Amino acid sequence: MIRDYSDFLPRRASDAGTHADLSPLQALGWQPFFAQQISIEELSATPPVRVVEVHRNGLHALGDGIDTTLPPRADLTVGDWLMLDSSRPRSSRVLERTSLIKRRAPGTDRQEQLIAANIDTAFIVTSCNQDFKVARLERYAALALEARMTPVIVVTKTDLVTNPQSYIDAARAVSDMIDVVALDARGDAPRTELTRWCKPGKTVAFLGSSGVGKSTLANALLESQSIATQTIREDDAKGRHTTTRRELHAMPNGCLILDTPGMRELQLTDAAEGINDLFSDVQRLAARCRFKDCQHETEPGCAVLKAIDEGALDAGRLGRWRKLMAEDAFNSASLAERRSRDKAFGKMVRGIKKLKDVRR
Ligand SMILES: Nc1nc2c(ncn2[C@@H]2O[C@H](COP(=O)(O)OP(=O)(O)OP(=O)(O)O)[C@@H](O)[C@H]2O)c(=O)[nH]1
Ligand SMILES: [Zn+2]
């Protein structure tokens, strides 16, 4: 099948404005952070390529004059940079990432699933309807902070409610470190409101449930209709999971955009730091409790309970913090368990092999 990648590749410099200054690699999001990891010899033997799309049969990767498909690899995801070893593509070295989004895969085997790598800004998208849930915003924000991305909350569908301000206020309460943008995703607003995070050579991603307008926002920034969108169900405002692939697209100015499929379930794993960063208000209070190991339940001298009593902290927020910490601890512990089990199993297999070799 021949695909048209013209939509991915940045347009000619003449209609791209600032993008004229970018080298072909920079136009794919190449940054000094990656260049620092390689030697000149490595660069000439194995040129860098970026995974721009993940599909079932492989990974589509682009580089300077390179357009190739690599076999699928569980340790690679969209946005990754690797040094392409054309004789042994499977062994191509993956460069250290500036950021990595992962989650615990849905289902019973608590495998870690890589969602995207090397994203600078994460637009966390929700709408002024039943999708709007503070707990979900906190979950995504903790994930973004843990992944070392800049989170920005985008509240769409402001045109569908008479009082969008209540949604905006609730979104602002998630963290005073996180910017909140509220808009109608279908008009010019995304371009005027979101472009300050969309600089040439940077990579931004849209995260959020199905139907909240991620593809609509991406299309607005891409100034095209290349990503399909679909109306949501009227009864519960749920989307129809229109976006199924994870794929990078280039904006006319040379910023890269990742549209992700709506995630039905987002379980945090290894995200304690992100959760702590997001709930720094609770952390700050907890530091003032009389007991170091205060559980903020019934202890005397508990600064957290005092703040709730005085109305300075919302009891719901404390409850959600507890829940995320517990979930993260559970998922991380079972992941650690699984890793050590796999290690022990590997050791046993190697042991048996050795034994066989000796017997031969
Ligand atoms: N009125 C209104 N409709 C919007 C807005 N943003 C998106 N929509 C509509 O909501 C529906 C879903 O939008 P999409 O952009 O497909 O949502 P998505 O988040 O990409 O959904 P998935 O691809 O399923 O994950 C479409 O019919 C859009 O036109 C908005 O701000 N206002
Ligand atoms: Zn306490």
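Domain bounds here come from an automatic or database domain assignment. With that in place, let me start. This is a predicted model, in which local features need pLDDT of at least 70 and side-chain atom pairs count only at pLDDT 80 or more, while totals for chains, interfaces and linings use all residues. Residues are numbered from 1 along each chain as its sequence is written, and chains are lettered from A and ligands numbered from 1 in the order in which they are written.

The assignment gives domain 1 as 32-94, domain 2 as 100-259 and domain 3 as 272-355. Between domain 1 and domain 2, the C-alpha centres are 27 Å apart. Nine residues of domain 1 and 12 residues of domain 2 make up the contact, where contact means C-beta atoms, placed from the backbone, within 7 Å. On the domain 1 side, strand S1 (residues 48-55) gives the most, four residues. Strands (E, at least two residues) and helices (H or I, at least four) are DSSP runs, numbered from the N terminus. The protein has 10 helices and 13 strands.

Now the inside. Of 360 residues, 39% count as buried, that is, with 20 or more other C-beta atoms within 10 Å of their own C-beta, again placed from the backbone. A nonpolar core is a set of buried Ala, Val, Leu, Ile, Met, Phe, Trp, Tyr and Cys residues joined through C-beta atoms within 7 Å. Which members of the largest core touch the most others? Among its 82 residues, they are Phe123, Ile124 and Ile257. Helix H3 (residues 134-146) supplies the largest share of this core, seven residues. Leaving out residues up to four places away in sequence, Ile257 touches several residues, including Val204, Leu248 and Met251.

Definitions and conventions: A residue is buried if 20 or more other C-beta atoms lie within 10 Å of its own, exposed if 12 or fewer, and partly exposed in between; C-beta atoms are placed from the backbone. Two residues are in contact if their C-beta atoms, placed from the backbone, lie within 7 Å.
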